[in-house]
Amino acid sequence: MSEPSGGAQARPTPDPVADPGAERVAAELSAVVGRLLRRLRSSSADSLLTPSQRSVLARLQDDGPATTAALARAELVRPQSMRLTLGALESQGFVTRAPDPEDGRKSVVSVTERGTATLAGVRAAKRSWLAEAIAGELDGAERRALAEATELIARLVDE
């Protein structure tokens, strides 16, 4: 191999066809997605919602009303923790409780109009930050590549 001027050895050009291996891609994707999620959370930091409150509010918005126990199972937390989260959301006027029509001893939690508006604001702030980052950092070819990668990631998580 010949040396470029200046005496430094040339670095080999990465082979774009080489398979990087599932383990390596998994590790890198996991790290990048974690950083992306942290950036998205920080883009809507002024919403006054904790990550767990945002998650519960989004679940109620997307999946509809639910009992405390069902939310705790879905969010993988103890019912006591869910009661605290719901209490905070209720005190801010983001959720409301009503008697469960199937079991009067239980209550069903629903998102209020204020909760819907707050969640819409959080989601809009996240999308806005991400759209600005994509527009400012990526050219057309890179945006197309990102769109293709997004489809692949969706395929992984939707199975």
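The model is predicted, so to speak of local features takes pLDDT of at least 70 and side-chain atom pairs count only at pLDDT 80 or more, while totals for chains, interfaces and linings use all residues. Residues are numbered from 1 along each chain as its sequence is written, and side-chain values use heavy atoms, leaving out hydrogens and water.

**The sheet**
- Three strands make an open, antiparallel sheet in the order β1-β3-β2; strands are DSSP runs of E with at least two residues, helices runs of H or I with at least four, numbered from the N terminus.
- At the edges sit β1 (66-67) and β2 (95-99), each pairing on one side only; pairing takes at least two DSSP bridges between two strands.
- Two antiparallel bridges link β1 with β3 (residues 107-111), and Val-109 in β3 is the bridge partner of Ala-66.

**The helix across it**
- Helix α4 (residues 79-91) lies across β2 and β3, at about 110° to β2; contact means heavy atoms within 4.5 Å, and angles run from 0 to 180 degrees between N-to-C directions of axes fitted to C-alpha atoms, for helices over the stretch in contact.

**The nonpolar patch**
- Val-25, Leu-29, Val-33, Leu-37, Ile-153, Leu-156 and Val-157 form a nonpolar surface patch with about 570 Å² of accessible area together (Shrake-Rupley, 1.4 Å probe, only the protein chains shown counting as cover for residues).
- Patch residues have over 30% relative accessible area and no salt bridge, with nonpolar side chains joined within 5 Å and like charges within 9 Å; a salt bridge puts a Lys or Arg side-chain nitrogen within 4 Å of an Asp or Glu carboxyl oxygen.
- Helix α1 gives the largest share, four residues.
- Ile-153, in helix α6, counts as partly exposed because its relative accessibility is 35%, between buried (under 20%) and exposed (over 50%), with a 1.4 Å probe and protein chains only.
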